[in-house]
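Hi everyone, thanks for coming. I'd like to walk you through one structure today, so please have a look at it while I talk.

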Amino acid sequence: MSEAAPTPKGLPLPDADEDVIVVRDLVKTYDRIEAVRGISFSVRAKEVFGFLGPNGAGKTTTIKILATLLGPTSGHCEVAGMDVVTHQREVRDRIGLVFQDPTLDQQLTAEENLVFHGMLYGLSAAEVRRRAGPLMEIAGLAERRKSIVKTYSGGMMRRLEIVRGLLHAPEVLFLDEPTIGLDPQSRAQMWEVILSMGKEQGCSIFMTTHYMEEAEFTQRIAIIDHGGIQAIGSPAELKRQHGTDMIIVEADATPEDPGWAKALGATVRGASPRFEITLPDAETALPRVIEAFGGHVSRVEVRRPTLETVFLQITGREIREEGPADQMAQMHRMWRRGR
Amino acid sequence: MRTLRGIYVIWYREILRFLRDPSRIIGMFAQPLLYLLLIGNGISHAFSLNAAHGANYMSFMFPGIVGMSVLFTSIFGAVSIVWDREFGFLKEVFVSPLPRWAIAIGKAAGGSSVALIQGAVMLLLAPAVGLHLTIPTFLEMLGVLLLVSLALVALGIVIASRMSTMQGFQMVMNFIIMPLFFLSGALYPLRGMPGWLYTLMHIDPLTYGVDALRHIMYGISPLATLLTSFSMGLDLLVTVGVTAVLLVVAGVLFNGAKTA
């Protein structure tokens with residue numbers, strides 16, 4: 001894929017009635033650096049859609065533009081049927097946002113934070129309490145709703161922010177790295193909360209992540225790198241298109257008839273006692289592979305492609321996991337907050 | 001209606017945060033006592049001012065000290081914007097559909113409400129330093145303080161909308177707020193000042209607010225002609241005008257303020 005046309009071809013044309021986000025040829029340039037290079041995509045109503053990519057790929061920039069916090073350099077973006085440049089207020093009314101860093105008033109209680117938010121969006125305090133009830137229940141915060149937010153753990157704060165983001169019944173909820181800085185257990189719990197709340201409210205979810213395993217929670221995902229969309233589709237589609245299955249066979253003999261591999265479209269690497277066979281559909285082919293090895297097989301393993309391997313194949317590199325740079329950034333943020 | 005509700009909740013949050021912070025409430029009572037007892041008494045005993053008219057330095061300085069405490073409370077009210085920015089909360093407010101000018105108004109209303117409570121506490125302490133205010137005088141002075149505090153919170157918002165760190169804000173405070181106070185005629189009268197100082201004191205909008213407070217306090221007593229510099233009409237005109245201009249500038253600048 002060339003740099004000039006990062007959008008994959010054959011993308012279905014956006015349908016204005018069903019799509020809650022429509023982006024066409026979006027470009028954002030900061031001081032001659034192209035953060036977003038002409039991306040186009042759409043998100044359907046009630047869809048869970050994700051941007052997967054390393055830090056600095058243009059994920060947060062895109063969210064900020066869609067949330068009207070940043071103006072695009074060029075291109076057209078519509079959220080909930082409204083242009084993000086000309087109808088800022090209408091867009092803001094129809095979206096919920098959860099940022100990477102906490103944006104709660106830590107000196108107020110959870111409920112006070114929610115009432116504050118609701119009233120900014122035109123709800124009455126009573127209406128806020130009524131709506132917040134079930135959401136706080138799902139988030140596991142109902143009992144702590146009268147606690148000062150300062151006493152919350154990081155995971156609880158993030159869950160409260162998601163409740164808050166959904167309080168005014170937005171059409172789209174934007175989540176920018178919703179699980180960053182949480183331990184793996186809290187992350188899994190967070191996803192449960194996000195998905196069940198999204199379902200309860202019937203809104204679309206647009207989220208960014210650089211964790212591969214989180215991309216699996218989405219219905220469709222765009223792999224973004226160097227400011228461009230490199231591939232787009234459901235996790236299963238992407239794996240089918242860009243990844244191949246592998247069967248690992250441990251056997252103490254080589255198949256006598258080499259014709260079986262050709263018949264299955266498989267490539268065989270290695271030699272006794274361990275063979276790596278890459279082929280299109282491992283589960284269907286497995287009996288014939290075992291048959292080919294006769295009675296010599298001692299162990300079989302099927303490896304399905306992961307988004308990790310898909311990402312590697314599409315971008316030619318591994319996604320950068322949280323390294324020293326991220327930890328530094330996080331420490332810096334904590335330090336700033338602690339002052 | 002929706003916008004009013006938004007302005008209300010921004011105001012309400014400022015009050016809630018004030019009431020929840022015991023140190024601010026203690027400070028509200030401790031600060032005026034400190035000013036009146038240490039500065040007021042100290043200086044009035046060091047100099048005796050025109051005792052013939054029954055005026056002591058305290059009765060000259062009282063309106064100035066009231067103005068000073070409202071000045072500091074108001075400006076620190078606007079600090080909450082810098083604070084909110086550092087803690088990320090400003091983003092939550094800025095992505096809401098509430099227009100920026102309405103956010104600025106809510107913040108200004110919250111800040112000046114707290115400043116006004118401070119002013120009322122000060123005025124109630126007047127008998128403690130031997131000054132007696134009637135209820136109408138008290139209310140009229142409070143009215144002037146409302147105008148002054150709105151102007152000052154708006155000035156604070158103007159500064160805060162461009163400041164991203166607490167240190168930066170404090171720097172500006174020292175360069176703008178302190179001169180504003182010293183030149184306001186709160187500590188020494190305008191009369192008999194050297195030309196350049198006299199001119200600067202005339203430019204300082206706070207001078208007119210302090211002068212209006214003196215007009216109200218001295219009423220028709222001979223002190224009024226002795227200790228005030230302008231007519232009450234001019235004082236109010238300048239104060240209202242400056243307040244309106246600063247509020248508009250605050251609203252406009254806030255529009256372009258960044259979230260982080």
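Predicted model: local features only at pLDDT ≥ 70, side-chain atom pairs only at ≥ 80, totals over all residues.

Let's begin with chain A. It has 12 helices and 14 strands. Of its 339 residues, 43% are buried. If you take the contacts in chain A between residues at least 6 apart in sequence, 70% of them join residues at least 24 apart.

Now, please find helix 3 of chain A, residues 110-120. How do we describe a pair like the ones coming up? Two packed helices are described by the angle between their axes and the distance between the axes.

Take helix 5 of chain A, residues 154-166, as the partner: helix 3 of chain A packs on it at an angle of about 30°, and the axes are 10 Å apart. Angles under 35 degrees count as roughly parallel, so that is what we call helix 3 and helix 5 of chain A. Their crossing is right-handed. From helix 3 of chain A, the contact uses A110(A), N113(A), L114(A) and H117(A), and from helix 5 of chain A it uses L160(A), V163(A) and R164(A). By type, that is 4 nonpolar, 2 polar and 1 charged.

Helix 3 of chain A also packs against helix 4 of chain A, residues 125-138, with an angle of about 120° and axes 9 Å apart. This crossing, too, is right-handed. Here L114(A), V115(A), G118(A) and M119(A) of helix 3 meet A125(A), E127(A), V128(A) and A132(A) of helix 4. Those residues divide into 6 nonpolar, 1 polar and 1 charged.

On to the cores. Which residues touch the most other members of the largest nonpolar core? In that set of 143 residues, they are V79(A), V163(A), V172(A), F174(A), A154(B) and I157(B). Leaving aside residues up to four places away in sequence, V163(A) touches L114(A), A132(A), L135(A), M136(A) and A139(A). Apart from that core lies another, of 12 residues, including V249(A), A266(A), V268(A) and V289(A).

Last, the two chains together. How many residues of chain B are in contact with chain A? There are 20, and they meet 24 residues of chain A. Helix 1 (2-19) and helix 4 (89-94) of chain B each give two or more residues to that side. Helix 1 of chain B gives the most, with 7 residues. The chain B side divides into 8 nonpolar, 4 polar and 8 charged residues.

That's my tour, and I'm happy to take questions!

Conventions:
Residues numbered from 1 in each chain as written. Chains lettered and ligands numbered in written order. Contact = placed C-beta atoms within 7 Å. Helix = DSSP H or I, 4+ residues; strand = E, 2+ residues; numbered from the N terminus. Nonpolar A, V, L, I, M, F, W, Y, C, P; charged D, E, K, R; others polar. Axes fitted to C-alpha atoms, helices over the stretch in contact; angles between N-to-C directions. Left-handed = near helix turned anticlockwise from the far one by under 90°. Buried ≥ 20, exposed ≤ 12 C-beta atoms within 10 Å, placed from the backbone. Core = buried A, V, L, I, M, F, W, Y, C linked by C-beta atoms within 7 Å. Parallel < 35°, antiparallel > 145°, perpendicular 65-115°, else oblique.
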